[in-house]
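This report goes through one protein structure topic by topic. Please keep the sequence and the model at hand while reading.

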Amino acid sequence: MDFRQVETQNESNNLGVQAGLPKNFSYKELKTATKNFKGDNLGSGGSGLVFKGVLKNGIQVAVKRVLENDVEHGEWQFEREVLAIASLKHVHLVRLRGYCTHMSETGRIFYIVYDLLPHGSLDRWIFTKTGDPTAKYLSWKDRYRIALEAAKALVYIHHDCGEPRLHLDVKPENILLDDNFRAVLSDFGLSRLMKNNDSRALTACRGTTGYIAPEWNRGVSIKCDIFSYGKVLLDLFFGERYVCLDQDGKDIFRSDGNSEGEQQIFHAFMWKELTRSKIMDLIDKRILEKNEEVDEKETICLVYTALSCIQEDPKKRPRDMCAVIDILEQKNTGLSLYLRLLEVLPK
């Protein structure tokens, strides 16, 4: 073995890490960091298992093993995610630490290493049981700020990075929370580049049920991310997933999924409650139980934004995520009517 060559490679790797470039980890390093992948399992999703790890320098990381029955597709998934996030730098996007490919008895295995964020994912903080004193909880103030931060992350990847791209799997599980509970968008395994002259593109339907835009099988665009984001806003508001109410506000959720007609009834009911300024009657009950101060204008802004984003017709949704932020920051003219109604209607 030429130790001078090894030393040169190590120096080059260290310089790359210092420059903020992702590191090519050895399998041994990740095996040691994760205690042979038998330590804390941080969860699993459609694209892989995630393990907690600690590097030699003490930095905590999340090590994702890309799962695919088809090794060739697993490699495609791995390359897609690494290339997607490696060049992106934003305070509200997860940081890529590095990657690893390992040849096992059954074939190649692919790993992606991210910074570990201490508070986990958003779903663990909003989908908890009412009345449980030990359950995690996010205040309304935090929820609204997180909604804005996630929107800013999408603006960046859609418009402001070197090669704009779609995320295509926006959901609470893919919004992480850092030390200060700031939103950090993660999991770019399904993302794809946007061509300058390509407003829509065909892709296999591999998103998450309940968050997939209805037009997906006809082609994806930024309107698909906008739709998914609107679903996340409803999650933040209700503190429950897949809420569906009838014209009287009664819960008609079905575990096998609500029909298109039931969803339309639900959306019509929510618009009606906006015009009546009765949205506070529907908010996550834990927020009311905490007796925390809630800006009612913000609740109207958030629900108005959500309903605008989940319009069945993509053309009726906000033009882009910049327009979404304008609504949340009360800069949208269409929103002004509902804010005025709040001032004039009796409580």
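The model is predicted.

## The annotated lysine

The UniProt record, an unreviewed entry, gives the feature "binding site" at K64. In the model, K64 is part of strand β4, which runs over residues 60-66.

Is K64 buried or exposed? Its relative accessible area is 5%. Buried means under 20%, so K64 is buried.

## The cavity

Rolling a probe the size of a water molecule over the atoms shows where empty space is left. In this structure there is one cavity of 30 Å³ or more. The volume of the largest cavity is about 30 Å³.

Which residues line the largest cavity? They are L168, D169, V170, G207, T208, Y211, I212, W216 and S228. By type, the lining is made up of five nonpolar residues, three polar ones and one charged one.

Most residues other than glycine have a negative phi, and most peptide bonds are trans. L168 is not a glycine, yet its phi is positive, at about 75°. L168 also belongs to the lining of the largest cavity. Its place in the chain is the loop between β7 (165-166) and β8 (175-177). With a relative accessibility of 3%, L168 counts as buried.

N291 is not a glycine either, and has a positive phi of about 55°. N291 sits in the loop between α8 (285-289) and α9. Its relative accessible area is 69%. Exposed means over 50%, so N291 is exposed.

## Cysteines

How many disulfides does the structure hold? The number is zero. C301 has a relative accessibility of 0% and counts as buried. For C309 the relative accessibility is 0%, and C309 counts as buried.

H102 lies in strand β5, which covers residues 96-104. At a relative accessible area of 19%, H102 is under the 20% cut-off, so H102 is buried. With neighbours within four places in sequence left aside, the contacts of H102 are Y27, G107, R108, I109 and Y111.

D284 is in a loop, the one between α7 (260-275) and α8. D284 is buried, and its relative accessible area is 3%. What is D284 in contact with, leaving aside its neighbours within four places in sequence? Its contacts are R143, F237, F238 and G239.

## K315: an exposed loop residue

K315 belongs to the loop between α9 (296-309) and α10 (321-328). Is K315 buried or exposed? Its relative accessible area is 76%, so K315 is exposed.

K315 can also be placed relative to K223. Along the chain, K315 and K223 are 92 residues apart.

## Review

K64, which carries the "binding site" feature in the UniProt record, is buried in the model. K315, in the loop between α9 and α10, is exposed.

Key. Residues numbered from 1 in each chain as written. Predicted model: local features only at pLDDT ≥ 70, side-chain atom pairs only at ≥ 80, totals over all residues. Heavy atoms only, no water. UniProt positions renumbered as here; feature names shortened; annotations may be inferred. Helix = DSSP H or I, 4+ residues; strand = E, 2+ residues; numbered from the N terminus. Buried < 20%, exposed > 50% of the residue type's maximum accessible area, 1.4 Å probe, protein only. 1 Å grid on protein atoms, 1.4 Å probe; cavity = no way out; pocket = protein on both sides within 12 Å on 5 of 7 lines; lining within 4 Å. Points joined across faces, edges and corners; volume = space filled by probe spheres on them. Nonpolar A, V, L, I, M, F, W, Y, C, P; charged D, E, K, R; others polar. Disulfide = S-S within 2.5 Å. Contact = heavy atoms within 4.5 Å.
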